[in-house]
Amino acid sequence: MSIGSIDIAALDGGQVNVSADQVGALASAVGGQLLRAGDAGWDDAVLIWNGMAAQVPALVVRPSATADVVAAVRFAADHGLLLSVKGGGHNIAGTSMAPGGLTLDMSLLRDVAVDPAAKLATVGAGCLIRHVDGATQEHGLAAVLGFVSETGVAGLTVGGGFGYLTRRFGWTVDNLEDVEVVTADGQVRTANRDENADLFWALRGGGGNLGVVTRFTYRLHEVGPTVTAGMIVWSAEHVDDVMAAYKELTESAPRELTAVLTVRMAPPAPFLPAEWHGKEIVAMVVCHSGEDAEADLAVVRRLPGPIADLITQKPYVAQQAMLDATQPKGPHYYWKSEFIPGLSDDFLTAYRDGALRVTSPMSQSVIFHLAGALNEHAADDGAMGNRDAAYVTAFAGCWPPPDPRSAEHLAWVRDSWETVRRFSTGNYVNFQVADDDAGRTAAAYGPNYDRLQQVKAAYDPGNLFRVNRNVAPRP
Ligand SMILES: Cc1cc2nc3c(=O)[nH]c(=O)nc-3n(C[C@H](O)[C@H](O)[C@H](O)COP(=O)(O)OP(=O)(O)OC[C@H]3O[C@@H](n4cnc5c(N)ncnc54)[C@H](O)[C@@H]3O)c2cc1C
């Protein structure tokens with residue numbers, strides 16, 4: 001393919017004119033694809049989940065091997081180009097796209113190799129959760145990943161990661177054994193608890209600040225292939241009773257059971273009676289990966305009058321994909337979220353009051369139960385930290401553009417979040433939005449931030465990897 005000279009956004013905020021010969025040299029060094037606007041594959045490469053954060057790079061490299069990542073990182077470093085990395089493109093702040101710059105789209109790197117005897121999976125950095133779940137569940141094994149199967153594993157993992165299995169096995173990064181990563185100097189490094197241990201520590205939550213991970217090795221656990229899981233839904237008139245049951249359930253639940261509470265307007269889904277569509281509902285999403293699920297769920301089933309009860313024995317992969325349709329790519333999304341230490345009456349009242357004022361039929365308020373294995377690690381075991389989290393709560397705004405009420409939807413998220421902030425023990429870097437400032441990113445790491453800045457300075461002193469929730473290298 002022949003690409004002429006091109007202006008590319010630079011690290012210093014200006015533009016670099018990269019000559020046709022230089023672009024040609026990059027094209028010949030890359031075994032995968034080099035794309036510009038209009039090329040086949042371009043639209044997919046630059047599509048991200050949050051339409052509100054959409055940005056377009058000047059050039060996309062789609063590596064087909066680690067050597068391509070090395071070539072692209074060196075090219076960006078040599079020319080001082082703004083560089084970003086796209087895993088699944090689900091980052092809420094839209095950090096996978098380098099505006100006017102060079103974007104590495106990892107989507108050709110989707111190999112998954114499962115070693116069932118060692119209970120390990122080695123996964124290409126372009127995988128979505130469903131690729132990993134599909135391969136591991138063939139062996140009755142699962143990695144600790146998130147609960148929307150279209151999410152990229154790379155961004156989720158480097159930011160910390162949680163899902164239905166977190167109560168049993170900790171953050172995703174607590175189950176990370178090894179990575180291959182290309183650092184800002186173009187070196188390919190292995191990092192694990194023994195080799196490049198400082199880099200590995202920082203990659204366990206430090207986001208895309210340290211380099212481009214090309215493969216992750218996860219420890220797997222025996223889960224499924226079937227679980228007792230699904231959703232149960234009531235009218236929001238019963239929100240206080242359902243919240244009380246949720247508190248009772250989560251405070252006594254075994255770690256095999258994870259429950260999520262959500263308040264929203266009923267979507268026009270076939271599993272909900274048509275007369276409820278658009279009306280406010282409260283629901284629990286549960287996933288029980290152990291024995292005695294029915295007994296453990298008795299407190300939920302005691303509540304009268306559900307509109308729909310979809311909790312059943314089902315494949316783990318079906319549960320992982322159950323919410324995918326509620327999270328299409330392209331609408332505008334705006335989230336605010338906090339980790340919470342417990343469900344005090346004051347917190348639940350604040351949560352409920354915000355939740356019931358929801359303005360958009362696509363927005364929702366969520367409480368996700370996390371307490372368990374993650375709390376048993378030392379506070380500085382990995383940059384992710386947040387070891388005192390027991391729940392995470394989020395006000396998740398969503399609306400299709402253009403929407404004349406978008407300011408109202410945004411205000412609902414911000415106002416509701418303001419009322420629960422006082423209960424927070426910290427925030428999750430992977431749930432930050434584009435207008436969250438550097439202070440909020442630092443706060444996400446709490447006491448681990450200093451050390452993270454030091455490791456950043458050691459591996460990326462020039463802050464080549466800055467299109468992310470940026471950790472400035474310590475001067
Ligand atoms: C619908 C939805 C559901 C979610 N559910 C969960 C959940 O259950 N649990 C949870 O923990 N989080 C969840 N998240 C948050 C999610 O973890 C982040 O949005 C994450 O950034 C998504 O990863 P990605 O690869 O798709 O992101 P991308 O947008 O592709 O990348 C985000 C950032 O990750 C970094 N990155 C990406 N690839 C690499 C790489 N190869 N090497 C180094 N850095 C890289 C870069 O800094 C990049 O800017 C959810 C998000 C959405 C939108």
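Author: Let's start with a term you will need: helices (H or I, at least four residues) and strands (E, at least two) are DSSP runs, numbered from the N terminus. The model here is predicted: local features need pLDDT of at least 70, side-chain atom pairs count only at pLDDT 80 or more, and totals for chains, interfaces and linings use all residues. Residues are numbered from 1 along each chain as its sequence is written.

Reader: Thanks! In which loop is the place of Pro 402?

Author: The peptide bond that leads from Pro 401 to Pro 402 is cis, with omega near -10°. As for its place, Pro 402 belongs to the loop between β21 (391-399) and α13 (406-420).

Reader: Which peptide bond is cis with omega near 5°?

Author: For this one, go to the loop between β13 (221-222) and β14 (226-235), where Pro 225 has its place. The cis bond with omega near 5° runs from Gly 224 to Pro 225.

Reader: How far apart do the C-alpha centres of domain 1 and domain 2 lie?

Author: The bounds come from an automatic or database domain assignment. That assignment gives domain 1 (6-105), domain 2 (112-222 + 449-459) and domain 3 (226-431). Between the C-alpha centres of domain 1 and domain 2 the distance is 23 Å.

Reader: Which helix gives the most to the side of domain 1 that touches domain 2?

Author: Contact here means that the C-beta atoms of two residues, placed from the backbone, lie within 7 Å. By that rule, 13 residues from domain 1 and 17 residues from domain 2 take part. With six residues, the most on the domain 1 side comes from helix α3 (residues 66-79).

Reader: How far apart are the end C-alpha atoms of α3?

Author: The expected span is 1.5 Å times one less than the number of residues. For the 14 residues of α3 this predicts 20 Å, which agrees with the distance between its end C-alpha atoms, 20 Å.

Reader: Is Val 158 buried or exposed?

Author: A residue is buried if 20 or more other C-beta atoms, placed from the backbone, lie within 10 Å of its own, exposed if 12 or fewer, and partly exposed in between. Val 158 has its place in helix α5, and among the residues that it touches are Leu 203 and Val 213. Because it has 33 C-beta neighbours inside 10 Å, Val 158 counts as buried.

Reader: How many C-beta neighbours does Asn 196 have inside 10 Å?

Author: Asn 196 is found in the loop between β11 (188-192) and α7 (197-203). Its phi is near 45°, a positive value in a residue other than glycine. Asn 196 counts as buried because its C-beta neighbours inside 10 Å number 20.

Reader: And how many other C-beta atoms lie within 10 Å of Asn 463?

Author: Asn 463 is found in the segment after α15 (449-459). Although it is not a glycine, Asn 463 has a positive phi of about 55°. Asn 463 is partly exposed, because the number of other C-beta atoms within 10 Å is 15.

Notes. Lists of a residue's contacts leave out its neighbours within four places in sequence.
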